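Hello,

Here is the structure you asked about. My notes on its salt bridges and surface follow below.

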Amino acid sequence: MKLTLAQIRKSAYSEPFAFDEMVDVSELEVMNNDIREIPPVHVQGQCFLQGEQVIVSFNISGKMILPCARTLVDVDYPFEIKVDEVFTTSSYYDEEEEIHPIDGEVLDLTPYIKENILLEVPFRVFAEDTSGQDAAPSKGAGWELVSEKPAEKTIDPRFKKLESLFEDKKEDK
């Protein structure tokens, strides 16, 4: 999502420059994170001019699909993020402050949108219904889910002959 400084300057003196767009952030799916799928997100906000600084205040809303922490089933995770970023056209700025430089005449918000979405990804999510057909499998190649049932007592076949000795003693009594 790119905004030109000329666009912002043209309307920002009388009133804030407003924008409202759908932004494709599908690159986040191939990064090393838990996001399995993310459709385009809705970004709306406004830009304010204050000297050489451009203050951008915007909301990001959308949904991402994440794996369930228990069953690895897809879970829809809706999100809404409020972001305030400060940019400057001046070459003299304090790097320790959270002020981002603008190179050229174009302000690209896409990296900041992606960064804020990545910061919003939760550590774990849980599916509400784990009994459906999408639930975690109970068997696989070379493994099977075992529940904690008490084991039945079975006699080792090698000791089967010894059992007859106990039966003889019971008959003697």
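Exposed means over 50% relative accessible area, buried under 20%, and partly exposed in between (1.4 Å probe, protein chains only). This is a predicted model: local features need pLDDT of at least 70, side-chain atom pairs count only at pLDDT 80 or more, and totals for chains, interfaces and linings use all residues. Residues are numbered from 1 along each chain as its sequence is written, and side-chain values use heavy atoms, with hydrogens and water left out.

Salt bridges come next. The term means a side-chain nitrogen of Lys or Arg within 4 Å of a carboxyl oxygen of Asp or Glu. The whole structure has four.

Glu 27 pairs with Lys 114, with the closest N and O atoms 2.7 Å apart. Glu 27 sits in the loop between β2 (17–23) and β3 (41–50) and Lys 114 in helix α2 (residues 110–120), so the pair ties together parts 87 residues apart in sequence. Helices (H or I, at least four residues) and strands (E, at least two) are DSSP runs, numbered from the N terminus. Lys 114 is buried, at 15% relative accessible area.

Asp 74 and Arg 36 form another salt bridge, at 2.4 Å between the closest N and O atoms. Asp 74 is in strand β5 (residues 74–88), and Arg 36 is in the loop between β2 and β3, 38 residues apart. Asp 74 is partly exposed at 47%. Arg 36 is partly exposed at 36%.

Asp 84 and Lys 82 also meet in a salt bridge (3.8 Å, N to O). Asp 84 is exposed at 54% relative accessibility. Lys 82 is exposed at 58%.

Best wishes
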